[in-house]
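Hi,

Here is the structure I promised to pass on. Have a look, and my notes follow below.

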Amino acid sequence: MNEELIDSAQMLAKRYLKDDTSGHDYFHAERVAQLAVKLYQQDHYSIITAQKEALTVMGYLHDIVDDKLTKKTKQRLQIITEILRLHQLDTMEINDIIYTITHMSYAQNLKQHYQLSLLGQYVQDSDRLDALGALGVARAFAYGGRHHRKIYDPAIKPVMIAGESARAYHRRKTTTINHFYEKLLQLPQQMNTNAGKILAQRRGAYMQQFLDEFINEWYSMY
């Protein structure tokens, strides 16, 4: 495997994500990179070097060009493209990586569903799986706190967000608990891969259990 390519992807993720406090830090990128490889192996039993490299690189790089985290998307895409060329990836490989990391986010797919390559689907599933389960609960509250959201307000009701633009989705007023119902609990039904669907059901069930307990405790004071 091209260890120098992987090192370059890790370096970029650390440079741009190391100080993140919204749940999109370097460790999130690392988990996505590792889980994408694991899920692919579970479904296909084997993996060739080029596939493992692509999955890993996309996992590390996917959030550094997300427009909810940076206004320098174009500059960062140029840096990524130059690095991929430096490591002698061919045009098809570069295009797949760039297309995946710029079209895989939840917000990008609200108005239009983008069809990713097979490898891209495993990276997208891995990213969404990290938004579920215990990790997903922790990251949801980290993101909510970072963006000054209330934990919960019974007067603010969850709304359907399908069809919204990415800009409207990020700017809409909501609460962290609403975010579970508006987005996170919908993710298990949106998985692409067999391995992703299985793990999403387990992590989604844990998240639902947490929410049930939260609501029970909240209303026990009344």
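Which residues does the UniProt annotation "domain: HD/PDEase" cover? According to that unreviewed entry, residues 21-141; UniProt positions follow the numbering used here, feature names are shortened, and annotations may be inferred rather than shown by experiment. This is a predicted model, with local features needing pLDDT of at least 70 and side-chain atom pairs pLDDT 80 or more, while totals for chains, interfaces and linings use all residues. Residues are numbered from 1 along each chain as its sequence is written, and side-chain values use heavy atoms, leaving out hydrogens and water.

Over residues 21-141 the chain is 66% helix and 0% strand (DSSP runs, H or I of at least four residues for helices and E of at least two for strands, numbered from the N terminus).

Now the rings: there are 10 aromatic pairs in the structure (Phe, Tyr or Trp rings, the six-membered one for Trp, with centres within 6.5 Å; planes under 30 degrees apart are stacked, over 60 edge-to-face, the rest tilted). Tyr152 and Phe214 pair edge-to-face, at 6.0 Å centre to centre and 85 degrees between the planes. Tyr152 lies in the loop between helix 7 (133-146) and helix 8 (166-171) and Phe214 in helix 10 (residues 194-219), so this pair ties together parts 62 residues apart in sequence. Tyr152 is buried at 15% relative accessibility, and Phe214 is buried at 17% (buried is under 20% relative accessible area, exposed over 50%, partly exposed in between, with a 1.4 Å probe and protein chains only).

Ring pairs also link Phe141, Tyr152, Phe180, Phe210, Phe214 and Trp218 into a cluster.

Best wishes
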